[in-house]
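Below is a briefing on one protein and its ligand, arranged by topic for use alongside the coordinates.

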Amino acid sequence: SAASPATDPALNILKTVWGYDAFRGVQAEIVRTVAEGGNALVLMPTGGGKSLCYQVPSLLRPGVGIIVSPLIALMKDQVDTLRALGVRAAYLNSTLSPEGAREVEAALVAGELDLLYVAPERLLLPRTLDLLERAPVALFAVDEAHCVSQWGHDFRPEYQGLSVLPARFAHIPRLALTATADDRTRADILRVLDLHGAPQFISSFDRPNIQYRVAAKEGPKTQLLDFIRTEHAGDAGIVYCLSRKSVEETAQWLQAQGVDAVAYHAGLSPRERNHAQERFLNEEGLVVVATVAFGMGIDKPNVRFVAHLDLPKSMEGYYQETGRAGRDGLPGTAWMVYGLADVVNVRRMLAASDAPEEVKRVEAGKLDALLTFCETASCRREVLLAYFGETFHGPCGNCDTCLNPPQVRDMTREAQMALSAAIRTGNRFGAAHLTDVLLGRATEKVVGMGHHTLPTFGVGTAHDEKTWRGVLRQLVSLGYLAAGEYHGLSATGKARTLLKGETRLTLREDTLQPRTTKRERQR
Ligand code: ADP
Ligand code: ZN
């Protein structure tokens, strides 16, 4: 017989506390596993519904569910929401007064709590661990579990201390949850929390209602405005920029064009940030222009588009940021423009960071994966999901390359010309100068350097400036050219095979994606 709230205690709690009729996907199985006292690893995309996986078993089992989370700023909101549902929830972190903390600790030991959110550094205090040994604990849920790993971008040293859980609380179920875990990160989670042999619940990362689109950056602000006006007028959306300055400028410019937009970045006062966040949550069609500081923990179901005016740092970042669109299941657009300067910029930012060499190499790899995604001429969903270890066979019918297959051409000869322009000018000039040389423009700089006498001078007149920009961008993205100081481009070791004609290169011809109107998209 089908499970019903009358026969299934988990469904009963889901219905009476949250008002939901059914679990989503693997939620039911996870809840059952943990409620029965088992451990589990949960890999679920953002918005997939991880919270219920530990909240429901916490209510089903005797004792309090302890949730370890690094997101201190979100704890109060989460707890307030739960309390409004009638759940006895509390949190322990550094924002509490000593008296406030003592009250929570007393409630914990007295068994008067259903759920307790704890910051990892707080949990690891000898005092807290002693309290936990005396308290009735239903389970430990480690949220954002990828923070244990140095491979991720959110490494938190305290998370490694969580090995205390299997060591001291071996008999209490442990649940690790994350939205980002490649194989290395997953191995770290299993090791630190000793989850070897525990079932792993891995949900698909596919978000079929999100349309992925990437275009060459030409006039980013105008392109953005055009996109908003033709496809998302009056819709709520997020526009991501890299710097506070570009956030401010873009927000002001959109406002001047009549788009209801507000800026959000870490340089604003907490009051201004709260105000922007509140407006975004409560208003229908506000566009937030933000740095990546915006979005963590924001659960607005009807965000209709996420636009990137600058490249994210990795595929994980891109997936997480674009994942904020269409949480309600209705169509959403993930739109991005990027150009050569962006590729050069992020590559240099990575190179300049003072992270350990090995971490830098991993990060460079993640960026490469993102650039491959950007340059691909095949289904974007296929490339995206492959990165997260999922096999998906395109065409998906809901990404730009599926909707408007790009022209690809054997551009080996053009690539050779561009590489030889870089080499013959000494591997130190930027894209603008190389383009001048290729197009045979005797600018002051070209003549001053004597580059008008090179055999490469003017070999590229069969193409226009835009094409050469595209070729150079793809060569940098694909690692044939490296960006050095002052944006100078130099041929890499990889370029040799291409120059010798041992490998050939198929590049996409940059055509700006023709616009699709709202009506066309809905068909
Ligand atoms: P995650 O932590 O994986 O990012 P959340 O736990 O915040 O996701 O859930 C995302 C949204 O989906 C929330 O608004 C949540 O209430 C909703 N949700 C999750 N599970 C269900 C369900 N079984 N039925 C209805 N809504 C759900
Ligand atoms: Zn596709």
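Glu144 is buried in this predicted model, at 19% relative accessibility, where buried means under 20% relative accessible area, exposed over 50% and partly exposed in between (1.4 Å probe, protein chains only). Its phi is near 50 degrees, a positive value in a residue other than glycine. Local features in this predicted model need pLDDT of at least 70, side-chain atom pairs count only at pLDDT 80 or more, and totals for chains, interfaces and linings use all residues. Residues are numbered from 1 along each chain as its sequence is written, chains are lettered from A and ligands numbered from 1 in the order in which they are written, and side-chain values use heavy atoms, with hydrogens and water left out.

**Backbone geometry**
- Glu144 sits in the loop between β5 (137–142) and α8 (157–160); helices (H or I, at least four residues) and strands (E, at least two) are DSSP runs, numbered from the N terminus.
- Asp194 also has a positive phi, near 50 degrees, and lies in the loop between α10 (183–192) and β7 (200–202).
- At 41% relative accessibility, Asp194 is partly exposed.
- Gly394 and Pro395 are joined by a cis peptide bond, with omega about 0 degrees.
- Pro395 belongs to the loop between α17 (380–387) and α18 (400–403).
- Most residues other than glycine have a negative phi, and most peptide bonds are trans.

**Ligand 1**
- The shell around ligand 1 has 14 residues, the closest being Tyr20, Gly47, Lys50, Ser51 and Asp299; a residue is near a molecule if one of its heavy atoms lies within 4 Å of it.
- A nitrogen atom of ligand 1 lies 2.9 Å from a backbone N or O atom of Ala22.
- In the side chain of Gln27, an N or O atom is 3.0 Å from a nitrogen atom of ligand 1.
- An oxygen atom of ligand 1 is 3.4 Å from a backbone N or O atom of Gly48.
- Ligand 1 alone exposes 560 Å², of which the protein buries 76% (Shrake-Rupley method, 1.4 Å probe).

**A buried glutamate in a helix**
- Glu105, in helix α5 (residues 98–109), is buried, with a relative accessible area of 5%.
- Leaving out residues up to four places away in sequence, Glu105 touches Leu92, Arg122, Arg127 and Leu131, where contact means heavy atoms within 4.5 Å.

**Confidence**
- The average pLDDT (the predictor's confidence in each residue, from 0 to 100) is 90, and 96% of the residues score at least 70.
- Residues 511–523 have a pLDDT below 50, and this stretch has 25 contacts in the model beyond near neighbours in sequence.
- Where pLDDT is low, the predicted coordinates should not be read in detail.
- For the complex, the predictor gives an ipTM of 0.98 and a pTM of 0.73.

Definitions and conventions: Polar contact = N/O pair within 3.5 Å; in protein donor to acceptor, adjacent residues only side chain to side chain.
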